[in-house]
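Here are my notes for a colleague opening this entry. Please read them beside the model.

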Amino acid sequence: MSQKIETILSNFSEIELAFFYNYKLNTYSPSSQKVIKSYILRSGLSQGKIDELIKENEFVKSKDSPDKTCPRCKSNKLLKEDEEVYNGSSVAMLDNDSFRQDIEKIETKVCFVCGFNLTNNKSQGLFNRLFNKI
Ligand SMILES: [Zn+2]
C-alpha cells in the first residue's frame, strides 16, 4: 500500500506535490499520511515552500485547454467518472428499476492532485438542485 502511494507521488511535479499535500492529505488514512509526509519531506519540500508554490500557482491562467488541465493546480491528472443522479439525489441507494427512467447521467471530472471538481457548467443546474436539497 505505502509503496503504491510512493509510486503515484513519484510521477508528480513539485507543484503537484504541493497541491496534493495541501488539499488531499486529510483524505488519506493516518498511516498513508505518514508515508506521504515523509515522501514530500525527502523530495525537499518544506511547509514554507509548499505555501509559496500554492500562492504562486493557484488558479493562475494558463494557455492549456481548460478541459485538459485543472484550473486550480494546472495538473493534467484528471479523473473522469459517471455519476447517476435521480431527481437531484444520488441513486446509489435505490435498487428499484422503475425509478431508472428518471435518472440523469452526469459526468464528473475531478482533479486527482487537488480534488478540484471540473464538471462542466451545463450540469451546473443539476448540482444546484442537488445542493438545494441538502
Ligand atoms: Zn488540481
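1. Phe59 is exposed, with 11 other C-beta atoms within 10 Å. A residue is buried if 20 or more other C-beta atoms lie within 10 Å of its own, exposed if 12 or fewer, and partly exposed in between, with C-beta atoms placed from the backbone. Phe59 is found in the loop between H4 and strand S1 (78-86). Its phi is positive, about 55°, although Phe59 is not a glycine. Most residues other than glycine have a negative phi.

2. Lys74 also sits in the loop between H4 and S1. Its phi is near 70°, again a positive value in a residue other than glycine. Is Lys74 buried or exposed? Lys74 is buried, with 21 other C-beta atoms within 10 Å.

3. A word on the source. This is a predicted model: local features need pLDDT of at least 70, side-chain atom pairs count only at pLDDT 80 or more, and totals for chains, interfaces and linings use all residues. Residues are numbered from 1 along each chain as its sequence is written.

4. The chain has 5 helices and 3 strands. Their order along the sequence is α-α-α-α-β-β-β-α. Helices (H or I, at least four residues) and strands (E, at least two) are DSSP runs, numbered from the N terminus. Of the 134 residues, 13% count as buried.

5. The largest nonpolar core has 14 residues. Such a core is a set of buried Ala, Val, Leu, Ile, Met, Phe, Trp, Tyr and Cys residues joined through C-beta atoms within 7 Å. Those with the most contacts inside it include Leu17, Phe19 and Cys73. Helix H2 (14-24) and helix H3 (30-42) each supply at least two residues of this core. The largest share, 5 residues, comes from H2. Domain 1 (2-57) and domain 2 (78-133) both give residues to the core, so it lies between them. The domain bounds come from an automatic or database domain assignment.

6. Now the packing of H2. H2 and helix H4 (residues 47-57) pack at an angle of about 105°, with their axes 9 Å apart. Axes are lines fitted to C-alpha atoms over the stretch in contact, and angles run from 0 to 180 degrees between N-to-C directions. The two helices are therefore roughly perpendicular to each other, a term for angles of 65 to 115 degrees. Among the residues making the contact are Ile15 and Phe19 of H2 and Leu53 of H4; contact means C-beta atoms, placed from the backbone, within 7 Å.

Methods:
Parallel < 35°, antiparallel > 145°, perpendicular 65-115°, else oblique. Contact = placed C-beta atoms within 7 Å.
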